[in-house]
Amino acid sequence: MTQILRTLLASAVIAAVGVGVLAEGTDHFSAFTTETARRVEIRNHPVQLPNVTLETQTGTRIALAGLRGRWLVIDFIYARCPTLCLALGTDFSRLQTQLAGPIAQSKVTLLSISFDPGFDTPSELTSYLERSNSNGRGWLAARPTDATGLRQLIQRFGLTVIPDTFGGYTHNAAIYIVDPQGRLVDIADLGDPDRVVQMVLSRLQQ
Amino acid sequence: MKGFSWLWPINIAVILFSILLMPPVKHALEASMTAQMLVQIPLLVLVGWLLHSAVPERLQAIIARWNGYGITGMVLTVSAAAYWMLPRTLDAATSYTLVALAKYSLVPLLIGLPFSLSWPRMNFIVKGVFLLEFIATFFRLGWLYVSSPSRFCNNYLLGDQQRLGQYMLIIGCVLLVWIAYKLMFGRFVSD
């Protein structure tokens with residue numbers, strides 16, 4: 001065998017292995033970022049949520065498991081947030097309007113969870129809801145009551161929260177869909193509430 | 001000191017690798033996307049490059065038989081580089097110890113080392129293809145990072161990603177000017 005044939009052979013083998021590893025590492029070229037990988041994984045294997053105690057904007061304590069039996073649309077916010085959470089607030093206010101029917105029948109509840117519980121007291125959460133134009137129906141804002149609960153939520157939802165240079169946080173903002181059994185079944189991008197409405201309505205009809 | 005001269009690249013590789021492995025250095029370089037991609041990973045590649053004198057000459061001769069014009073080595077370098085440039089892998093390498101270990105061993109061994117064994121064997125055309133593709137990658141990724149409104153890595157801020165994009169565009173320009181200068185006024189050694 002000449003050197004050039006050997007080189008061709010070796011290159012072909014290495015290229016094939018390389019493509020295989022890349023395919024494996026990107027879920028068959030569908031997920032190049034951690035965020036998409038997380039979504040692919042959730043759709044294939046829904047994640048059971050931890051039973052965390054939350055304090056809502058009215059100061060009431062509720063258990064996350066106590067909200068089972070209805071679909072939950074969840075986002076993560078912190079009340080001081082100047083950027084992404086504003087977009088999330090706008091999305092949720094539109095969801096609240098468009099899902100008014102199922103919300104009135106207690107089939108769907110919107111839940112904004114704060115990952116900055118030290119700052120986000122019930123009154124901060126109330127003013128967050130007001131700023132986001134909540135009409136007061138079927139949209140809870142809540143904070144975990146202890147650090148363990150917050151850590152469990154961050155881990156199960158696959159959140160990455162990093163402090164930014166302006167004293168706030170940057171986080172992977174998304175909209176999480178939880179089924180009546182308390183399982184995280186889908187993750188949607190923010191900025192497209194119509195799609196979230198579609199996702200929830202089609203599941204309600206199943 | 002003649003008998004020791006061949007040891008120097010390996011010594012430098014070991015020292016450099018140990019420095020990169022030190023937790024404060026690792027932490028500092030991985031705190032920003034720019035430092036990880038433009039300092040940490042290139043230095044790990046350099047560690048691999050310096051290791052080539054550690055490969056026994058007999059083994060080098062066997063590898064060379066399968067590495068005509070350095071093409072096989074280049075395919076390996078490019079495949080491994082593509083994998084370690086995935087945003088997912090960068091994120092995972094900062095979050096999980098096992099992936100970090102894999103990065104620290106595989107970036108030198110699968111990118112730097114095969115490249116150092118292959119570059120001297122490449123002729124004018126293979127070198128040209130490699131260099132232009134290398135420069136094009138800086139422009140493609142730089143443009144993507146500057147213009148993308150969303151973050152590719154969950155561990156890094158958008159501003160960091162955009163700054164990395166700007167640096168990559170600048171590096172791409174510098175490399176392009178350098179290669180244009182070489183083409184016009186310089187001399188390529190092709191054998």
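How do the axes of helix 5 of chain B and helix 7 of chain B cross, and within what distance do they come? In this predicted model, the two axes come within 8 Å and cross at roughly 150°, which makes helix 5 of chain B roughly antiparallel to helix 7 of chain B, given that angles over 145 degrees are counted in that class. The crossing of helix 5 of chain B past helix 7 of chain B is left-handed. On the side of helix 5 of chain B, the contact involves G73(B), M74(B), L76(B), T77(B), A80(B), A81(B) and W84(B), and these meet residues of helix 7 of chain B that include K103(B), L106(B), L110(B), P114(B) and S118(B). By class, the residues of this contact comprise 12 nonpolar, 3 polar and 1 charged.

A further pairing within chain B joins helix 3 (residues 33-50) and helix 9 (residues 158-185), whose axes come within 8 Å and cross at roughly 35°. Here M33(B), T34(B), M37(B) and L38(B) of helix 3 of chain B meet D160(B), Q161(B), R163(B), L164(B) and Y167(B) of helix 9 of chain B. The residues of this contact divide into 5 nonpolar, 2 polar and 2 charged.

Helix 5 of chain B also takes part in the contact between the chains. That contact draws 20 residues from chain B and 24 residues from chain A. On the side of chain B that touches chain A, the elements giving two or more residues are helix 5 (71-84) and helix 6 (87-95) of chain B, and helix 5 of chain B gives the most, with 7 residues. This side of chain B consists of 10 nonpolar, 7 polar and 3 charged residues.

In chain A, helix 2 (residues 34-44) has a buried side formed by T34(A), E35(A), A37(A) and R38(A). These four residues lie on the same side of helix 2 of chain A because they cover an arc of only 160° around its axis. An α-helix has 3.6 residues a turn, so residues three or four places apart point the same way. The face of helix 2 of chain A that is turned away from the buried side carries the exposed residues R43(A) and N44(A). Among the elements covering the buried residues of helix 2 of chain A are strand 10 (183-188) of chain A and helix 6 of chain B.

Three residues in loops of chain A were examined individually. H28(A), in the loop between helix 1 (3-25) and helix 2 of chain A, has a positive phi of about 55° although it is not a glycine. This residue is exposed, since 10 other C-beta atoms lie within 10 Å and a residue with 12 or fewer is placed in that class. S106(A), in the loop between helix 4 (100-104) and strand 5 (108-114) of chain A, is likewise a residue other than glycine with a positive phi, near 60°. With 10 C-beta neighbours inside 10 Å, S106(A) counts as exposed.

L99(A) is located in the loop between helix 3 (84-98) and helix 4 of chain A, and counts as buried because it has 24 C-beta neighbours inside 10 Å. When residues up to four places away in sequence are not counted, L99(A) touches V108(A), V197(A) and V200(A). L86(A), by contrast, is 13 residues from L99(A) in sequence and 20 Å from it in space, C-alpha to C-alpha.

Technical notes: Residues are numbered from 1 along each chain as its sequence is written. Chains are lettered from A and ligands numbered from 1 in the order in which they are written. This is a predicted model: local features need pLDDT of at least 70, side-chain atom pairs count only at pLDDT 80 or more; totals for chains, interfaces and linings use all residues. Two residues are in contact if their C-beta atoms, placed from the backbone, lie within 7 Å. Ala, Val, Leu, Ile, Met, Phe, Trp, Tyr, Cys and Pro count as nonpolar, Asp, Glu, Lys and Arg as charged, and the others, Gly among them, as polar. A residue is buried if 20 or more other C-beta atoms lie within 10 Å of its own, exposed if 12 or fewer, and partly exposed in between; C-beta atoms are placed from the backbone. The arc is that of the directions from the helix axis to the C-beta atoms. Axes are lines fitted to C-alpha atoms, for helices over the stretch in contact, and angles run from 0 to 180 degrees between N-to-C directions. Angles under 35 degrees count as roughly parallel, over 145 as roughly antiparallel, 65 to 115 as roughly perpendicular and the rest as oblique. A crossing is left-handed if the near helix is turned anticlockwise from the far one by less than a right angle, and right-handed if clockwise.
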